[in-house]
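Student: Can we go through this model together? I'd like to ask things as they come up.

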Amino acid sequence: MLYQKEFADLIGCSRIYVQKIEQTPQHSGQRLSEKLAQRIFHETGVSLIWLLDGDPLAPPLSGRGEPYTRQTFERAQAEKIYYDRVPDWQFSNDFLDFAGRLRAILARANQRKTYYMVAYQVRKFIDSLADKHGEDKTESTNRLITIPAIEREIAEWKRLVKQAREVTWPKKKRPSPKKRRR
């Protein structure tokens, strides 16, 4: 697709740095930073998860989870995703996925009698994310706000799923009773 120099210019770093990232750790390679991975995602449309997993043997994926192709790159260039802001349906879907997984992890920890340790680890992890990315404390600590917000996310997700189904599977018109008798 692109030569190293073109790619380096696209993502705003040097060609030497791109070479170091492409090398394996055994050959003095450099780990890809989260900041540069996000820039590569925005510029190319390649999956942020694929980039950060760092498995050179895994086939590249697009940010939408599809195999990465030339068309993915061209679409990213046309759309130029400058802001890391997702559509409402994706926000709701990710939020509910994370909440469900967290509940399942805590339930398993409770069964195994390791609940308090897991809750401590989750709290520490969430605190580290909040330190790094920020947090609206009134949203997260006030249950009078949090619970209705979760209920709104569930309602929004249901609405969006219903809307997607209607687009994907349009309702077929049934013939009128008079036409069916013939």
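**A pair one turn apart**

Tutor: Asp9 and Lys5 are four residues apart in helix α1, so about one helical turn separates them. Helices here are DSSP runs of H or I with at least four residues, numbered from the N terminus. Before you ask more: this is a predicted model, where local features need pLDDT of at least 70, side-chain atom pairs count only at pLDDT 80 or more, and totals for chains, interfaces and linings use all residues. Residues are numbered from 1 along each chain as its sequence is written, and side-chain values use heavy atoms, leaving out hydrogens and water.

Student: How far apart are the closest N and O atoms of Asp9 and Lys5?

Tutor: Side chains of opposite charge can pair when their charged atoms come close. A salt bridge needs a side-chain nitrogen of Lys or Arg within 4 Å of a carboxyl oxygen of Asp or Glu. Asp9 and Lys5 form one, and their closest N and O atoms are apart by 3.0 Å.

Student: Is Lys5 buried, partly exposed or exposed?

Tutor: Buried means under 20% relative accessible area, exposed means over 50%, and partly exposed lies in between (1.4 Å probe, protein chains only). Lys5 has a relative accessible area of 48%, so Lys5 is partly exposed.

Student: Which residue forms a salt bridge with Arg70?

Tutor: Look four residues away in helix α5 (residues 70–79), about one helical turn from Arg70. The closest N and O atoms of this salt bridge are 3.3 Å apart, and the partner is Glu74.

Student: How many salt bridges does the structure hold?

Tutor: Another one joins Glu34 and Lys132, at 2.5 Å from N to O. That pair links distant parts of the chain, helix α3 (residues 34–44) and helix α7 (residues 115–133). For the whole structure, the number of salt bridges is five.

Key: Helices (H or I, at least four residues) and strands (E, at least two) are DSSP runs, numbered from the N terminus.
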